[in-house]
Amino acid sequence: MQITKDNNDVRSVGGNGFNYRESLKKPDSTFLNKIIKVERYLNRPLASLIVRLVYRTRITPNGLTFCSFFLGLLGAFFLTRGQYIYFILGGVGIQLSSIVDCADGMLARSKNMCSEFGSHLDIFLDRIMDFTMIIGISVGVYRASENQNLLILGFLAAGLYLLQVNLFYLTNSYLQRKEKGQTGEARALMLLLVMILSVANRLDIAIYLLLAETVIVILVRTIYFISLGRKGR
């Protein structure tokens, strides 16, 4: 649940029922979130069904965060099996994880249960899940194709992903940005593509896309950070 205690970001819901509109995050103004709408128009409407189901129970936002995490790990495990049926199960598990990942924040906002720990727990577990998923894809594609080059490229993509994440948070730290969840739409698109490519039995394309994305983002972020120094920031 990538949320904070910022008064502009947390909107409590009046009454005793779940209010979908009030449970949504404050729209993010970043470029990617303006052009990618997977989370807002696909994942969150589906996640709202989960929130409605658990709203009056003792299930907490952090409980949904852990549920999302374990669904992602299960999906990554299925992907390692290297068989088409497991690719499908893995892709579906990954997408379900993405949907539940939206539900935790929606539940927190709607019940006024937002916390800094919950926000960071979500980010913490998401990064572990993402890395595990990339490794799962790499092992699964290798077992299906016996192409060692794809295994190497997959592990390289996992390493570059970690570098990309580090640069992202270092830049945010330098700029003293407190916002969280700026990459939510991009991540939602990535996980949806993993499911689609799993069903299409073309997870090798996922490896190539991850490699291209990480290299481009690392270059762009490096240039951007250096430009900050030239501007005297």
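E39 is buried, with a relative accessible area of 9%; buried means under 20% relative accessible area, exposed over 50%, and partly exposed in between, with a 1.4 Å probe and protein chains only. R44 is buried as well, at 5%. The side chains of E39 and R44 meet in a salt bridge, 3.1 Å from N to O. By salt bridge I mean a side-chain nitrogen of Lys or Arg within 4 Å of a carboxyl oxygen of Asp or Glu.

A word on the source. This is a predicted model, in which local features need pLDDT of at least 70 and side-chain atom pairs count only at pLDDT 80 or more, while totals for chains, interfaces and linings use all residues. Residues are numbered from 1 along each chain as its sequence is written, and side-chain values use heavy atoms, with hydrogens and water left out.

How many salt bridges does a search of the whole structure find? The search finds six. One of them joins the side chains of D130 and R187, at 2.9 Å from N to O. D130 lies in helix α6 and R187 in helix α8, so this pair ties together parts that are 57 residues apart in sequence. Helices here are DSSP runs of H or I with at least four residues, strands are runs of E with at least two, and both are numbered from the N terminus. D130 and R187 are both buried.

Another salt bridge is between the side chains of R202 and D204, again given as 2.9 Å, N to O. R202 is partly exposed, with a relative accessible area of 39%, whereas D204 is buried, at 17%. Salt bridges that share partners also join D101, D126, R127, D130 and R187 into one network.

Now a charged residue without such a partner. R221 is in helix α9, residues 203-230. R221 is buried yet has no salt bridge, and the nearest side chain of opposite charge, E213, is 8.4 Å away. For charge, Lys and Arg count as positive and Asp and Glu as negative; His and the chain ends are not counted. Leaving aside neighbours within four places in sequence, R221 is in contact with L167, F168 and T171, where contact means heavy atoms within 4.5 Å.

Next, how α9 meets α8. The axes of α8, residues 184-199, and α9 come within 8 Å and cross at roughly 150 degrees. That makes α8 roughly antiparallel to α9. Axes are lines fitted to C-alpha atoms, for helices over the stretch in contact, and angles run from 0 to 180 degrees between N-to-C directions. Under 35 degrees counts as roughly parallel, over 145 as roughly antiparallel, 65 to 115 as roughly perpendicular, and the rest as oblique. M190, V194, L197 and S198 in α8 meet L203, I205, A206, L209 and L210 in α9.

V199 is also in α8, and is partly exposed at 38%. Its C-alpha atom is 7.0 Å from that of G91, 108 residues apart along the chain.

Last, the loops. Most residues other than glycine have a negative phi. E146, in the loop between α6 (116-145) and α7 (148-174), has a positive phi near 55 degrees. Q176, in the loop between α7 and α8, also has a positive phi near 55 degrees. E146 is exposed at 68%, and Q176 is exposed at 69%.
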